[in-house]
Amino acid sequence: MRIIRMVMARLFLLIPTLLGLVTIMFFLTYCLPADPVSVAAGPLATLEQKAKIRKLYGFDRPIYVQYIHYVKGIVLAGDFGQSLYTHRQISHDIIQRLPATLELSLCSLCMGALLGIVLGVYSAIHKNSIVDNLIRGITIAGISLASFWVAIELQLTFSSALDILPLVGRIDRDLESLRHITGFYLIDSILMLNFQALLSALSHLVLPGIALALVPLGTIARFARAGMIGVMERTYIQYERAMGVTQRLVIWKYALKNALVGTMAQIGLLFGYVLASTFVIEKIFRWPGIGAYALDSILFLDYKAVFAVSLWAGVVYSIGGLLGDIGLILIDPREVTE
Amino acid sequence: MTTYKLLIRKFFQDRNGVIALIILSILFVAAIIPSSLAPHPDDFGATINPRERLEAPSPKHLCGTDHMGRDIFSRLIGGARVSLMLCGIATGSALLIGTLVGLIAGYYEGWIGLLLMRISDIFVSLPQIVMALVIVAALGAGIKNAILALAVTYWPFWSRVVYADVISIKKSPFIEAAKALGTGTTRIMFLHILPNIVPNIIIRSTIGMGGTILTAAVLSYVGLGAQPPISDWGLDLSSSRAYLPTAWWYALFPGLAIFLAVMAFNMAGDTLRDVLDPKLRRSRKET
């Protein structure tokens, strides 16, 4: 019950933060000298054409009127306005692209986290051995790599040179007509027992997934290792050892939980990191998700879309942090704060 | 003095720390005197050597040449200056503003402090790169605007770090003692509280430099950072895209340069943490 109350309180606190975020973004972009109308109209547009676009999108009204109208639209109708670039409803664009981004980022986060925990624990148990040094080298390299460079190198190696994995896209072109049930290709193809589609979706997921997973893997392995080393020195572990509990049980059942306390605090940060990385990674792999859409709308100064994707980023970031806190409570129920 | 000697000795006892220090020294030397180190210093700018276009690595051109026939190895050395300058200024100014804000907000805790911290919270509710991209896109691409955007989006991180530290330190007995002796507010803030935060700031700014190099590389890669013909790692990576997969060296080496620089800062940060902050011994436990 207390967990539910905490989650509700946190979600409630999210509202002023997101409102503040929209407000800051709105007035920040208003203060900046760029003119989205000129970009949208193109270099050859006449003054009358620009004025027409300005009127069409409501840019001719005073800023506070625009602001109130905009916030009202979001709160009352979930209406984020129309994109200057795709000329469609932004909310529609985002919902359509949501499954692609979620599929990619959740897969890489989960794989990175699982592998990170295993590597970190193994490294901690074999502290200062060759394997430990090797794993520590890999993890510090993992957090130091530019993910977009890794993406390019993966494409060069596995698509261009070896030709074993697809270069870009989310699924083979002839399978694109796959019926959308959830929009998640992995789930859809399993539901329809279409294993060819499943294989194709998986193979397209591998390279961008690796590029996104490196930082979560490195971060989690480092924190898991540090936590595990700290926990293994505690007296309750020594007691269990003395009682003859097997090493495997001590590590994976009793020590691991406490070792992951520090790791949980990183989950929100990693959500944010993966989300920000999808901007460039989706662009490189032509992944039809929100990241590529966000980057395009930023580069085209499509501010209404920018506000919407910023809100999306804010929500994901906060939910990541919340998940981390829930994980912390599941590990250690004393951590519940009102 | 002996404390410093002890700290320095501890730093050099760590193998990763020494490796990091070597890489960073090379980087700084390259940033200070790029022209004397680079085999082809002319290639930092817009030179064109059509006959040596897109050559694979050879003894003459260690990392090959780019689409304008420029020596990539030389451009990597030139890029060290751009990277260190850009990230140094951005991190430095963010750190100064953030530390000041954090000190004031943490010490006074009144409505000013509350307001400052709420603003920081809103900035931090978004990954840094998102807002940085928006700001540079609106201001126009270029190094100056990239620095500005990175600094503007990075100070809230520092103000939060410093704020948390100040809150925990200002309740210590030695601050109360200083107050009881009639020490002025400014003196307490800068001579009694600040020195206790400095180790944490040094550790985090070292790691922060690495992170900022990565963020700046993303800005350059999407075309919002350094503009041609400047030597910049992210920019070179971005221009290499048109010549892949044939010119594999064109993308490989700038990426490696970014990787080495970021890793050196990260490793140095880890070692500094072990040396300066015994409470936070994350990366290693003494055996």
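This is a predicted model: local features need pLDDT of at least 70, side-chain atom pairs count only at pLDDT 80 or more; totals for chains, interfaces and linings use all residues.

Trainee: What is the secondary structure of chain A?

Mentor: Helices (H or I, at least four residues) and strands (E, at least two) are DSSP runs, numbered from the N terminus. Chain A has 15 helices and 0 strands. Its C-alpha trace spans about 85 × 55 × 40 Å along the principal axes.

Trainee: And how many of the residues of chain A count as buried?

Mentor: Buried means 20 or more other C-beta atoms within 10 Å of a residue's own, exposed means 12 or fewer, and partly exposed is in between, with C-beta atoms placed from the backbone. In chain A, 40% of the 338 residues count as buried.

Trainee: Where do chains A and B touch, in terms of elements of chain B?

Mentor: Two residues are in contact if their C-beta atoms, placed from the backbone, lie within 7 Å. Here 36 residues of chain B are in contact with 38 residues of chain A. On the chain B side, helices H5 (111–124), H6 (128–139), H9 and H11 (248–276) each give two or more residues. H11(B) gives the most, with 10 residues.

Trainee: Which classes of residue make up that side of chain B?

Mentor: Ala, Val, Leu, Ile, Met, Phe, Trp, Tyr, Cys and Pro count as nonpolar, Asp, Glu, Lys and Arg as charged, and the others, Gly among them, as polar. The side of chain B that touches chain A has 27 nonpolar, 6 polar and 3 charged residues.

Trainee: Let's look at H6(B). Is it enclosed or open?

Mentor: Count its buried residues: 11 of the 12 are buried, so H6(B) is largely enclosed by the rest of the structure. Its cover comes from both chains, including H1 (2–31), H13, H14 (290–299) and H15 (303–331) of chain A together with H7 (143–169) and H9 of chain B. Just after H6(B), B:Gly140 has a positive phi of about 110 degrees.

Trainee: H13 of chain A is in that cover. How do I check its length?

Mentor: The expected span of a helix is 1.5 Å times one less than its number of residues. The 18 residues of H13(A) (267–284) should therefore span 26 Å, and the end C-alpha atoms are 25 Å apart, which agrees.

Trainee: Where does H13(A) bend?

Mentor: A bend is the angle between axes fitted to the seven residues ending at a residue and the seven starting there. H13(A) bends by about 40 degrees at A:Thr278. This helix is mostly covered, with 16 of its 18 residues buried.

Trainee: One last stop: where is A:Tyr57?

Mentor: A:Tyr57 lies in the loop between H3 (47–56) and H4 (63–77) of chain A. With 18 other C-beta atoms within 10 Å, A:Tyr57 is partly exposed. A:Gly81 is 24 residues from A:Tyr57 in sequence, and their C-alpha atoms are 8.8 Å apart.

How values were computed:
Residues are numbered from 1 along each chain as its sequence is written. Chains are lettered from A and ligands numbered from 1 in the order in which they are written.
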